[in-house]
Amino acid sequence: MKNIENFVSELLSATENAPELLLQDLCAIQQRYSYIPENAVEILASKLNLPAVQIYGVIDFYSFLHRKARGTFDILFSDNITDRMLGNQSLIDSLCEKLDIEPGTPRIDGRVTVSVTSCTGICDQGPALLVNGMTVSGLNEERISKIAELIEEDTPLSDWPASFFVVEDNIQRSDILLDDKIINGSAIESLQKNGSDALLEILEQSGLRGRGGAGFKTALKWRFCRDTDSDQHYVVCNADEGEPGTFKDRILLNSYADNVCEGMTLCAGIIGAKKGYIYLRGEYRYLLDDLEQTLQKRRDANLLGKNICGHEGFDFDIDIHLGAGAYICGEESSLIESLEGKRGIPRKRPPFPVTNGFCNQPTVVNNVETFVAAAKIAVFGADWYGSVGSSESTGTKLLSISGDCARPGIYEYPFGVSIEQVLEDCGAHDTQAVQVAGAAGSTVPAQEFHRSIAFEDLSTGGSFMIFNQQRDMLEMVQNFCHFFCHESCGFCTPCRVGGALMKDLVDKVMVGHATHNDLKEMENIGQIMQQNSHCGLGVTAPKPVLDTLEKFPQIYMQRLANRGFEPAFDLDAALEESRQITGRDDAEAHIEYEPLLNTAGQDES
Ligand SMILES: Cc1cc2nc3c(=O)[nH]c(=O)nc-3n(C[C@H](O)[C@H](O)[C@H](O)COP(=O)(O)O)c2cc1C
Ligand code: SF4
């Protein structure tokens, strides 16, 4: 293997020592060496003229970057609640046993590491894992045995069975967005024919709203950006798709990549951008080569590059930036920080990206699905889209359906479809609840299944996870609380501390040690997080707890300890160090803890 100094130097000369490419350089080093060695950091620091401590700060921020060597085979099991429902835990145990390894620590011979990561976006074909960044889906005991064998034989990934790496689109229901095809370049031609004012008008009339979740009007966003005075504008496609249970952008990037690029190019033509970025989540590295090829084909066809489609002065190109395992980087301002090669700490807003985005220049950030819809609206017109859906939510929505149903996968529906209808179509029976919009979304109980998917009712980026009557909803809550605690960027106290306290309290409920006071405390912490967090992550993180406390109180009540108070830790054991320092170990240096009877708790039972 090439020595590290040469590898890093070559990498940096290829990227022209651009500091905003730091994260991309780190991803490449990590991929090559399974960690970021100290001497690599030294070279990066001197060539990019950055303090080493800043580079270490970036490494420590992203969960796919490491300062210490991982195994030659670095395995990360996806650990979303849907992976758990599909039995990932026993598969993790089985692989660890076969490889004789403890989770999280490299094996002594350096061959392999096995640990877990947040949802990898394969919930319809799980359980899944990443091995050296590449996705393996459809895990079962047989596949796990084969993987253990391949690792023991030190078989390079390129010689592993190709079937292991197949990820199907799995489209179960399609509608206008997926069915109605456009010719490459036709949206660009429509812009040239109609002009940017008329095109913005068409987008406005279509009613298109952002598909990343918040539903901001797309035409308005593009207009704000276009009208911000600057000679550099940027287009960014948010392909971070980190919300647990969401995997619809995966299929658009796989089979509709041309439409994504067409939408970005259309946006560039309208706002006057010369450069665009696709921010691709690290978990979707397996899509990278094909996406690069799509970009190259478009350059060859003059759909990207200089004088696009022969239109003098219409220059635009797209680069792909990889994320590195940080959910917060889906939030648009964190994403921009990450694109600039920094830690993904959300910015203070306002100012918004449309005026002060990438490199402080006006920037449009849109979801993958939004760009596809915009491209097609430019070709088929406002009515094609606007006549479908509901009054406040026109068009269709891609749903990523997983959990307890016969046919998980991608379903495209006109907005306004009821939960009932979706459950019937995907073959869900005996459903206890649906989690709409991911971990940050709403827990919908059976009595609310008449509600609809729409911005005016249940708004969603696309995640739709189904739980049948046999499921313990507290396991879902616990999984999400651990997720948010892990994914908090740590910048603000309400989210950093509140999220950790919430996780501990849910764990306490789970083991049957919690009391009524703990439930009140959970509500209290949840409200503090909602009201005081710096960004959307902290604001939405307590939602699974607050929703289930209200709609599924029994999952908490049935586990409450029959006591008024139970300490969160062993008070007497915590005093041991003080006893040793003071040299006292008499009776008065100990605390006797007598559990109190909780009359309120007894009343409940
Ligand atoms: C914690 C957090 C994570 C987010 N993750 C994503 C994501 O993965 N993909 C996405 O498109 N939007 C995500 N968003 C929303 C973006 O901030 C932004 O609103 C969106 O990309 C705008 O595109 P749109 O108008 O097309 O929806 C996230 C927001 C928050 C607060
Ligand atoms: S709310 Fe959480 S994720 Fe957002 S800035 Fe604060 S600590 Fe970071």
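In this predicted model, the buried residues of helix α4 are covered in part by α2 and α3. The residues of α4 that count as buried are Ile 55, Tyr 56, Val 58, Ile 59 and Phe 61. Helix α3, which spans residues 38-48, contributes its own buried set: Ala 40, Val 41, Ile 43, Leu 44, Ala 45 and Leu 48. These residues of α3 pack against α1 (4-14), α2 (22-33) and α4 (52-61). Following α3 comes Asn 49, with a positive phi near 60°.

In soluble globular proteins, nonpolar side chains tend to be buried together. Here, the largest nonpolar core comprises 79 residues, and Tyr 62, Met 522 and Tyr 556 have the most contacts inside it. The element that gives the most to this core is helix α19 (residues 473-487), with 8 residues. Apart from this core lies another of 70 residues, including Cys 267, Ala 273, Leu 287 and Ala 382.

Which residues does Met 522 contact, leaving aside its neighbours within four places in sequence? They are Met 502, Leu 505, Val 506, Val 509, Val 545, Leu 546, Leu 549 and Tyr 556.

**Surroundings of ligand 2**

Ligand 2 takes up the space of the second largest cavity. It is surrounded by 13 residues, of which Cys 489, Phe 491, Cys 492, Cys 495 and Cys 535 are the closest. The shell around ligand 2 consists of 8 nonpolar and 5 polar residues, with no charged residues.

**Backbone features in loops**

| Feature | Angle | Loop |
|---|---|---|
| cis bond, Gly 126 to Pro 127 | omega near -5° | Pro 127: between β2 (112-117) and β3 (129-131) |
| cis bond, Arg 349 to Pro 350 | omega near -5° | Pro 350: between α15 (332-339) and β9 (363-367) |
| positive phi, Glu 241 | phi about 30° | between β6 (233-239) and α12 (248-255) |
| positive phi, Asn 302 | phi about 60° | between α14 (288-300) and β8 (317-322) |

Is Glu 241 buried or exposed? Glu 241 counts as buried because its relative accessibility is 8%, which falls under the 20% cut-off. Asn 302 has a relative accessibility of 27% and therefore counts as partly exposed, a class that lies between the 20% and 50% limits.

Terms used
Residues are numbered from 1 along each chain as its sequence is written. Chains are lettered from A and ligands numbered from 1 in the order in which they are written. This is a predicted model: local features need pLDDT of at least 70, side-chain atom pairs count only at pLDDT 80 or more; totals for chains, interfaces and linings use all residues. Side-chain values use heavy atoms; hydrogens and water are left out. A residue is near a molecule or strand if one of its heavy atoms lies within 4 Å of it. On a 1 Å grid over the protein atoms alone, a cavity is a set of points where a 1.4 Å probe fits but cannot get out, and a pocket is an open set with protein on both sides within 12 Å along at least five of seven lines; lining residues have an atom within 4 Å of a point. A molecule sits in a cavity or pocket if more than half of its atoms lie within 2 Å of its grid points. Ala, Val, Leu, Ile, Met, Phe, Trp, Tyr, Cys and Pro count as nonpolar, Asp, Glu, Lys and Arg as charged, and the others, Gly among them, as polar. A nonpolar core is a set of buried Ala, Val, Leu, Ile, Met, Phe, Trp, Tyr and Cys residues joined through side-chain atoms within 4.5 Å. Buried means under 20% relative accessible area, exposed over 50%, partly exposed in between (1.4 Å probe, protein chains only). Helices (H or I, at least four residues) and strands (E, at least two) are DSSP runs, numbered from the N terminus. Contact means heavy atoms within 4.5 Å.
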